[in-house]
Amino acid sequence: MATNKQLKDKQNELDAIKWTDSEISGDTCGTYEYCVRCDKEADYPCARAYYAHKATNSAKKQGEFTANVELSPLAQKLRALRMTKGLTIEQAARRCKVSAKKLFEYENDKSVPTEGELQKLLVVLEKR
């Protein structure tokens, strides 16, 4: 993993890019490829997400098998609702009273919520 100085420098660089992009098209937080790995509660969240994403892509290039899977509309909606609220999976799971593992599985089409769980998720995540 990167040193604190590297994290700080990368965070500053990414913040500048996000600022510039936001000036053009509105808030861009959560729209970059690395954002799926973001934990906004961590120090230097964008930098950590960037390096984690970069490491994953590097592993893929070295021959690890990965499927290019398109997510279901339900998974996409759950992720979009959570990210719109600026919540990590852990934060959203706590609010929805489900485990973070379950919410991760729902957002990645690894599992499908029961009708009751889905109602609970939507009530919490769709609140304004």
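1. With which residue does Lys 101 form a salt bridge? The partner is Glu 105, and the closest N and O atoms of the two side chains are 3.9 Å apart, where a salt bridge is a side-chain nitrogen of Lys or Arg within 4 Å of a carboxyl oxygen of Asp or Glu. Both residues lie in helix 5 (residues 100-107), 4 residues apart, which is about one turn of the helix. Lys 101 itself is exposed, with a relative accessible area of 60%; here buried means under 20% relative accessible area, exposed over 50% and partly exposed in between, with a 1.4 Å probe and protein chains only.

2. Before going further, please keep the basis of these remarks in mind. This is a predicted model, in which local features need pLDDT of at least 70 and side-chain atom pairs count only at pLDDT 80 or more, while totals for chains, interfaces and linings use all residues. Residues are numbered from 1 along each chain as its sequence is written, and side-chain values use heavy atoms, with hydrogens and water left out.

3. As to the overall fold, the protein chain has 6 helices and 0 strands, the elements running α-α-α-α-α-α from the N terminus on. Helices (H or I, at least four residues) and strands (E, at least two) are DSSP runs, numbered from the N terminus. Of the 128 residues in the chain, 31% are buried. Among contacts with a separation of 6 or more, 57% are between residues 24 or more positions apart, contact meaning heavy atoms within 4.5 Å. The accessible surface comes to about 8800 Å², of which 52% belongs to carbon and sulfur atoms; such areas come from the Shrake-Rupley method with a 1.4 Å probe, and for residues only the protein chains shown count as cover.

4. Side chains of opposite charge can pair when their charged atoms come close. The whole structure holds 8 salt bridges, one of which joins Asp 15 and Lys 18 at 3.6 Å, N to O. These two residues are both in helix 1 (residues 4-25), 3 residues apart, about one turn of the helix. Asp 15 is partly exposed at 32% relative accessibility, whereas Lys 18, at 14%, counts as buried.

5. A further pair is Lys 102 and Glu 117, whose side chains meet in a salt bridge of 2.7 Å, N to O. This pair links distant parts of the chain, since Lys 102 is in helix 5 and Glu 117 in helix 6 (residues 115-126), 15 residues apart. Lys 102 is partly exposed, with a relative accessible area of 34%, while Glu 117 is buried, with 13%.

6. Glu 107 deserves a separate comment. At 0% relative accessibility, Glu 107 counts as buried. Leaving out residues up to four places away in sequence, Glu 107 touches Leu 71, Ala 75, Leu 78, Arg 79, Arg 82 and Ile 89.

7. Helix 4 (residues 89-96) has Ile 89, Gln 91, Ala 92, Ala 93 and Cys 96 as buried residues. The elements covering the buried residues of helix 4 include helix 3 (73-84), helix 5 and helix 6.

8. The loop between helix 4 and helix 5 contains Lys 97 and Val 98. Lys 97 has a positive phi of about 60° although it is not a glycine, and its relative accessible area of 67% makes it exposed. Val 98, by contrast, is buried, with a relative accessible area of 14%. Apart from its neighbours within four places in sequence, Val 98 is in contact with Ala 93, Leu 103, Lys 120 and Leu 121. The C-alpha atoms of Val 98 and Leu 121, 23 residues apart along the chain, are separated by 8.6 Å.

9. Asp 109, in the loop between helix 5 and helix 6, is likewise not a glycine and has a positive phi of about 55°. Its relative accessible area of 34% makes Asp 109 partly exposed.
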